[in-house]
Amino acid sequence: MQNFRNPLILTAPKIYLDTTQLPAGGGAVSEWNSFATAEVGGAGLPTLKTDETYRYVRFGTTDATISKGNYLNLGTQTWNLQNGFTFVGVVRLYENKSFQRIFDLGNAGTSSAFLLYRQLNVSNYLGSVVYSGTTQNISTSQQNLTHGSWMLLVLRIPSANLVETFRDPSSSLLDNKVTGNGTITNYSSRTTTDNSIAKSTPGSYSCLDVREIAFYDRSITDSELSDVVGHLHYKYFSDPLLRKGPNIHLDASQLPQLSLDNTNVSSWNSFATAEVGGAGLPKLRTNEPNRYVRFGTTDATISKGNYLNLGTQTWNLQNGFTFVGVVRFYESKNWQRIFDFGNGPQNNNLLCTHPDSSRLSTHVYSGDTRNTITTMNSGIGSWMVIVIRVTNANLLETWKDPSSNLIDNKVTGTGTITSYEARTLTNNWIGRSNWAGDSYACLDIREMAFYDRSLTDSELSDVVSYMRIKHFGDSIPTLGPLSIKSILDFVDPGGSSGENPYAMDKLFRGSRTPKYISSITRIPLAATEPTRISFADFRGAGRTESPADVIGIYAWYTPESWDVGTKSWNDISGNGRHATETRAGTITVGDSTDPLGRSITCISGGTGSGIRFPADVLPETYTLFHLARYSTGGIRKRIFDGLGNNWLSGFHEYGPGVAYHGTSWFTPQENLHGDEWVVSCDTKQLYRSNKVQRNNQIFIGNSTRLTINYGKFVAVESSDWACADVIVFDRELTNAEMLGVEEYLYKKHSLTII
């Protein structure tokens, strides 16, 4: 089954804190997800900081005065300890203070503590303590605490006799684990009145930074915890695939960012491509949300195709071998290769092939003898995560679409690799066989990596989690006991009529495309403790951030920020670029429904209504996002129009999905979307609609000033329009960042992903 993409939400925490729940911009934090903050001794309130790639909340001060600080008050809570307990957080202690807390759950004073996680009196130790009344039952301590470094922390109580803490675990939960033993004598429900982040129950305060925290009043399963940890690793701690040190890494993002669809690829990460028989070079494709390189042709001629040449390589096979790739065969051809490394046919080959339309096969040769082989089912036309690992001379393992715990779809080969030693191979090819009679591959590639060693289970688990999240927008679908019914009940238990209103055909549009539900403001996560969750919590793991978390946000306008009284559109980015100049026509706030039945809260107006954004919008270098549509049955001409020159983004009488920048069209003039809602992304050199690049040439142009229905052609090319969000950045975002903001808009407004 697929899921809602953020496992921290799907696993139903009792308390969940994430900086996307806070307003755009920085500044003092007076409450966080309905919980109040407080300051003591003149320290001031905690602060939302925006000086790093990811926003965070800073608690405390560098003042040495113990009684000076601030904290988050979680109020009175009942913890169902008989079901266990779990804490997961991404935090940083930025100053050394003995016994400073990450959290402390208990009752005022020291008379009846429950659980705390803190720095010990030794500066490089981190510890946890569980109490029953005033008696300490179990404790843990971990060395190598470094002040000023972000940490991923996990604390779990699976039983009355066991406390587990992890610092920076991998998704296999094997790394940096410390276990505390003893007996929690009061292993039952506890109500505590003094539950705090960054404060001790006796009243000392922490120098603590927080990005994201979740508390569960149960012990979440290994499978659930693996998903949560994998999600946080991917989101905050960069690319595990590269941290593991591949010999060769190929990713479509390495190719020129502004390339057009079907651009020739002559080299990829310094490796040359080649064409045979007039097939032409491989092509970079941008017609899907994730870019990819297409090899081969649909021509049936065996000797016609193209490939990537990795040159001469030495593979230290005595250390093992690992391949991970996201690939797709788009046409059936016998014996087409993903890769084939060798010195010719039957000469020390390591290869992965599609021998026919339904199988994927991996072979390892020593000299001219095939030692071991694996074969699994595989079709045509679908993206796959493929993993191949040679662990030792007697073990070849292959997976297709594995989960992070490596249990899914695994096939093991039998036999012994007789030449289990270093191999220098001259023909290392992607998309081409070392056998002259085999076909060139009809192969699409998003990303692949080769390692001349056997990755450990822990490393491979991280890499697989990363690849699935990055390329398929989901975390690994191994969520323990949760079922489709429990997900539906989780979203809306029973519904207002006693029957769940979200039928499967409404909730899921495709195998990987959940429809996000717009009407939820409170989701019961535990019987006694409802928790408020914002739309940002339903974002794609890692890829979909609040625009406020992306560096360079310049202005942001939402339906909620329209001021009916002053007829101005207020900027919520914190930069003060409010749009106060409007035309005489009426602009209203309400819902607008497109022909697909997708209803979105927006501002809307007619041909006599328009807005001019401030004179510095757009900046010289920019990325512009807007979610807009033509009003059904109305006039369809321009919506986003330039003031000083002939410039438009997204909408023209030709139809939605077009752009004209200054002196030239740089998209085809065709109606792609009718009256549907359209998510557009526009830069000086690029235009995308609904996550697909549309420009068919590179043309650098800019507008002197952005308007809606109030530009150079206001008199003759105005429209009946509706607009939900306008977001501007003062730089050209990367492809991944563009996709992240686009997906944010999809989730926020419950648009079916297309």
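**Close-up views of a predicted model**

View 1. The 14 residues of helix α7 (residues 735–748) should span 20 Å at 1.5 Å a residue, and the end C-alpha atoms are 20 Å apart, which agrees. The expected span of a helix is 1.5 Å times one less than its number of residues. Helices (H or I, at least four residues) and strands (E, at least two) are DSSP runs, numbered from the N terminus. This is a predicted model, in which local features need pLDDT of at least 70 and side-chain atom pairs count only at pLDDT 80 or more, whereas totals for chains, interfaces and linings use all residues. Residues are numbered from 1 along each chain as its sequence is written, and side-chain values use heavy atoms, with hydrogens and water left out. In α7, 12 of the 14 residues are buried, so the helix is largely enclosed by the rest of the structure. Buried means under 20% relative accessible area, exposed over 50%, and partly exposed in between (1.4 Å probe, protein chains only). Just after α7, Ser750 takes a positive phi of about 55°.

**View 2. The largest nonpolar core.** This core has 39 residues, of which Phe321, Ile338, Phe339, Ile430 and Phe450 touch the most other members. A nonpolar core is a set of buried Ala, Val, Leu, Ile, Met, Phe, Trp, Tyr and Cys residues joined through side-chain atoms within 4.5 Å. Elements that give two or more residues to the core include β28 (321–329), β29 (336–342), β30 (350–356) and β38 (443–451). Beyond its neighbours within four places in sequence, Phe321 is in contact (heavy atoms within 4.5 Å) with residues that include Trp315, Phe339, Phe341, Leu350, Ile388, Val390 and Phe450. Another core lies apart from this one and has 38 residues, among them Ile15, Trp32, Phe35 and Leu48.

**View 3. Strand β38 and its partners.** Nine of the nine residues of β38 are buried, so the strand is largely enclosed by the rest of the structure. Two strands pair if DSSP finds at least two bridges between them. β28 runs antiparallel to β38 and is joined to it by eight bridges; here Arg328 has Asp444 as its bridge partner. β20 pairs with β38 in the antiparallel sense over four bridges, with His249 partnered by Ala449. Three bridges join β25 to β38, again antiparallel, and Val293 stands opposite Ile445.

**View 4. An open sheet of eight strands.** The strand order is β22-β23-β26-β37-β29-β30-β31-β32, with antiparallel pairing. β22 (267–268) and β32 (369–377) are the edge strands, each pairing on one side only. Within the sheet, β26 (residues 305–309) and β37 (residues 427–430) run antiparallel and are joined by two bridges; Asn309 has Trp429 as its bridge partner.

View 5. Side chains of opposite charge can pair when their charged atoms come close. A salt bridge is a side-chain nitrogen of Lys or Arg within 4 Å of a carboxyl oxygen of Asp or Glu, and a search of the whole structure finds 36 of them. Arg294 forms one with Asp444, the closest N and O atoms being 2.8 Å apart. Arg294 in strand β25 and Asp444 in strand β38 are 150 residues apart. Arg294 counts as partly exposed at 22% relative accessibility, whereas Asp444 counts as buried at 0%. The side chains of Arg337 and Asp438 also meet in a salt bridge (3.1 Å, N to O). Arg337 lies in strand β29 and Asp438 in the loop between β37 and β38, so the pair ties together parts 101 residues apart in sequence. Arg337 is buried, with a relative accessible area of 3%, and Asp438 is buried, with 14%.

**View 6. Helix α4.** Helix α4 (residues 457–472) has 16 residues and reaches 22 Å from its first C-alpha to its last, close to the 22 Å expected at 1.5 Å a residue. In α4, 15 of the 16 residues are buried, so the helix is largely enclosed by the rest of the structure.
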